[in-house]
Each structure stands twice: as C-alpha cells, then as structure tokens.
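Subject: Structure for your review

Dear colleague,

Please find below the sequence and structure that I am handing over to you.

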Amino acid sequence: MKQLSSSEARDLLRGMGFRREQIDEVIEGFEERGYLNDASLAEYLVTAGSQRKGQGRIAIGRVLAQRGIPRGIADEALSVLEDDDEERALEFARTKAQSLLRVDDETALRRLTGQLARRGYGGGVAMNAARTAMREARRGSGGRSHGVRFEESD
C-alpha cells in the first residue's frame with residue numbers, strides 16, 4: 001500500500017463523500033498518530049528519487065508537488081541533496097551510453113539527452129553528461145561500434 005500525503009488523503013476522503021469537517025478531523029487525527037507525515041514522505045521520495053531512480057532535483061521536486069507536499073516541506077527535503085546533479089546525470093548516462101554505440105553520434109546524443117531530461121536534469125547538465133558518457137564509451141570501445149577488429153599478421 002502506497003503512503004499518502006495529507007493532501008492525497010484529503011482528496012481521497014473528499015472523493016468518498018466525507019464533509020470538510022469530517023475530513024479535517026480525520027486528517028488531524030492521522031497526523032497526530034503519525035499515520036500521515038508529509039515530512040517523512042518527502043524525505044523518502046527524495047532518497048528514492050535520487051538514489052534508486054537516478055532522478056535530478058527538478059524531477060524530484062515535480063514528484064513532491066504532484067503528491068501535494070507543501071512547498072516548505074519539499075524545499076526542506078530537497079535541501080539534503082548535494083548539488084551534484086552533474087555527477088548523478090553523468091553516472092546515469094554512463095550506464096546507458098554503451099547500448100547507444102550502435103547508432104550514429106547525433107542519434108545517440110539525442111536519445112541520451114532525452115533520457116536525462118525525462119529524469120529531470122536541465123538541458124546543459126543533460127547535454128554535458130551525454131557528451132562525456134558517449135565520448136568515454138566510444139573511447140572504451142576503441143571508437144568502434146562493432147567489437148571485431150582485423151589486423152595484418154607478419
């Protein structure tokens with residue numbers, strides 16, 4: 001079962017036909033008992049987004065907003081992230097670059113940049129990470145996209 005934010009729980013109860021006073025009472029009780037905790041949920045979403053999903057700050061912030069986490073709580077949770085979007089983007093790009101060696105440079109760069117952008121990395125960060133990862137992958141394969149090499153023998 002998915003942990004809900006207070007906002008999501010409020011929407012769920014509203015959809016079930018509860019009156020506003022009832023909703024406020026239930027939400028308040030759940031928050032007092034710790035069943036609903038937006039700060040805890042935000043911390044979890046930041047950790048999961050950055051470590052497991054490789055998402056950037058923008059994508060994680062978007063998820064927090066979509067889940068109805070109040071801006072102040074979201075900002076606090078995001079503040080624990082080191083400002084290392086460049087490093088996380090490059091790490092992700094490196095995991096994908098090898099599989100793109102079979103296509104031309106322009107296509108590989110476009111695809112990899114798109115993947116990074118969908119994970120919430122800004123244009124400059126995504127482009128730099130994609131270029132670096134593709135350059136490293138091509139260098140690692142000796143510039144060849146097919147692992148066969150013929151050499152003259154003496």
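I begin with a single residue. Ala-39 is found in helix α3, which covers residues 38-52. Is Ala-39 buried, exposed or partly exposed? Its relative accessibility is 33%. Because buried means under 20% and exposed means over 50%, Ala-39 counts as partly exposed. Ala-39 and Pro-70 are 31 residues apart in sequence, and their C-alpha atoms are 9.1 Å apart in space.

Please note that this is a predicted model. The average pLDDT of the protein chain is 88, and 90% of the residues score at least 70. Over residues 143-149, however, the pLDDT is below 50. Beyond near neighbours in sequence, that stretch has five contacts in the model.

As for the overall arrangement, the protein chain has eight helices and zero strands. Its pattern along the sequence is therefore α-α-α-α-α-α-α-α. Of its 154 residues, 36% count as buried. Among contacts between residues at least 6 apart in sequence, 61% join residues at least 24 apart. The accessible surface of the protein chain comes to about 10,300 Å², and carbon and sulfur atoms account for 48% of that surface.

Next, the interior. In soluble globular proteins, nonpolar side chains tend to be buried together. In this model, the largest nonpolar core has 18 residues, and Leu-112, Leu-116 and Met-134 have the most contacts inside it. Helices α6 (85-97), α7 (105-118) and α8 (123-140) each supply at least two residues of this core. Which of the helices gives the most to this core? It is α8, with six residues. Setting aside residues up to four places away in sequence, Leu-116 touches Ala-89, Phe-92, Ala-93, Tyr-121, Ala-126, Ala-129 and Ala-130. There is also a second, separate core of 11 residues, which includes Ala-42, Ile-69, Leu-78 and Leu-81.

Just after α2, Gly-34 takes a positive phi of about 85 degrees.

Finally, I would draw your attention to Arg-67, which lies in the loop between α4 (57-66) and α5 (71-78). Why does Arg-67 count as buried? Its relative accessibility is 13%, and the cut-off for buried is under 20%. Not counting residues up to four places away in sequence, Arg-67 touches Lys-2, Gln-3, Leu-4, Ser-5, Ser-7, Glu-8, Leu-41 and Leu-45.

Yours sincerely,
A colleague

Notes: Residues numbered from 1 in each chain as written. Predicted model: local features only at pLDDT ≥ 70, side-chain atom pairs only at ≥ 80, totals over all residues. Heavy atoms only, no water. Core = buried A, V, L, I, M, F, W, Y, C linked by side-chain atoms within 4.5 Å. Buried < 20%, exposed > 50% of the residue type's maximum accessible area, 1.4 Å probe, protein only. Helix = DSSP H or I, 4+ residues; strand = E, 2+ residues; numbered from the N terminus. Contact = heavy atoms within 4.5 Å. pLDDT = per-residue confidence, 0-100. Areas by Shrake-Rupley, 256 points an atom, 1.4 Å probe, with all protein chains shown as cover.
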